[in-house]
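This report describes one protein chain for a reader who is new to structures. Please look over the sequence and the model before reading on.

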Amino acid sequence: MASNSTRKLWAAHIARGGKAAGAKQAPTRVTLGRSFRGRVLGIDPSLRGSGFAVLDYSADGTARILEAATLKLHRSLSMPECLGAIGNQVDDFLNQHSVDHVAVEQTIYVQNFQTAQILGAARGAAIGTAAMRGLPVFEYAPLRIKQAVVGMGRASKEQVARTIQNITGTNFELRFDESDAAAVALCHAFTWREE
């Protein structure tokens, strides 16, 4: 009972903006920045299977996938060769499309240090290529991406792909690297605000 009343007191305190009871409160005005409009390259980086998707997000909220690809790299390629191929793929997309922003999925938590290093290197190859062109790069956690696009942080890859199809009209079938990249781009389009 005491904790319930403490919660109510705390909620009332927060509702007053942290001011004491009876204190005059100035009206607050929340100003959101301009929403994203334009083209974003979404990247789901991995050393041997990276996904890429260019999304055009218009002023009326229409989202279209302009191009998507999966970069599959053979195990016989060395790590530096794979990183070069990732950088080249990003470069190709940026040469073909007038991209405003680049959005990249952050590395998920992994217990294996070597796996974390490899994923970090793949992300670095993609981010470095975009950064060298002076493009703004934004990173999003997998949980945030799924929440923004599907509405559930624990959505499956199939649910993400179906949602992307419903929003953009693009059917990725079993091309989950591409649908994940499109989800990163959509997350950015839905949540980014200019400050």
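## A buried aspartate

Asp180 counts as buried because its relative accessibility is 8%; buried means under 20% relative accessible area, exposed over 50% and partly exposed in between, with a 1.4 Å probe and protein chains only. The residue lies in helix H6. Helices (H or I, at least four residues) and strands (E, at least two) are DSSP runs, numbered from the N terminus. Leaving aside neighbours within four places in sequence, Asp180 is in contact with Asp44, Lys157 and Val160, where contact means heavy atoms within 4.5 Å. Asp180 and Lys157 are 23 residues apart in sequence, and their C-alpha atoms are 7.6 Å apart in space.

The model is predicted, so local features need pLDDT of at least 70 and side-chain atom pairs count only at pLDDT 80 or more, while totals for chains, interfaces and linings use all residues. Residues are numbered from 1 along each chain as its sequence is written, and side-chain values use heavy atoms, with hydrogens and water left out.

## The chain as a whole

The chain has six helices and five strands. Read along the sequence, they follow the pattern α-β-β-β-α-β-α-β-α-α-α. Of the 195 residues in the chain, 37% are buried. Among contacts between residues at least 6 apart in sequence, 63% join residues at least 24 apart.

Two strands pair if DSSP finds at least two bridges between them. Strands of a sheet pair through backbone hydrogen bonds, either parallel or antiparallel.

S2 and S3 pair in the antiparallel sense over nine bridges. Ser50 stands opposite Leu71 in S3, and the bridge partner of Gly49 in S3 is Lys72.

## Helix H5

How far apart are the end C-alpha atoms of helix H5 (residues 157-168)? They are 16 Å apart, which agrees with the 16 Å that its twelve residues should span at 1.5 Å a residue. The expected span is 1.5 Å times one less than the number of residues. Val160, Ala161, Thr163, Ile164 and Thr168 are buried in H5. These residues cover an arc of only 165 degrees around the axis, which puts them on the same side of H5; the arc is that of the directions from the helix axis to the C-beta atoms.

The buried residues of H5 pack against strand S2 (49-57), strand S3 (63-72), helix H4 (142-149) and helix H6 (176-191). One of the buried residues, Thr163, has a relative accessible area of 16%. Not counting residues up to four places away in sequence, Thr163 touches Val149 and Val150. After H5 comes Gly169, whose phi is positive, near 85 degrees.

Glu105 is in strand S4. The UniProt annotation "binding site", from an unreviewed entry, covers this residue; UniProt positions are given in the numbering used here, feature names are shortened, and annotations may be inferred rather than shown by experiment. Is Glu105 buried or exposed? At 16% relative accessibility, Glu105 counts as buried. Not counting residues up to four places away in sequence, Glu105 touches Ile43, Asp44, Pro45, Arg123, Tyr140, Pro142, Ile145 and Val184.

Cys82 is found in helix H2 (residues 79-96) and is buried, with a relative accessible area of 0%. Cys82 touches Leu47, Arg48, Leu73 and Leu77, again not counting residues up to four places away in sequence. The C-alpha atoms of Cys82 and Ser46 are separated by 9.5 Å, and the two residues are 36 residues apart along the chain.
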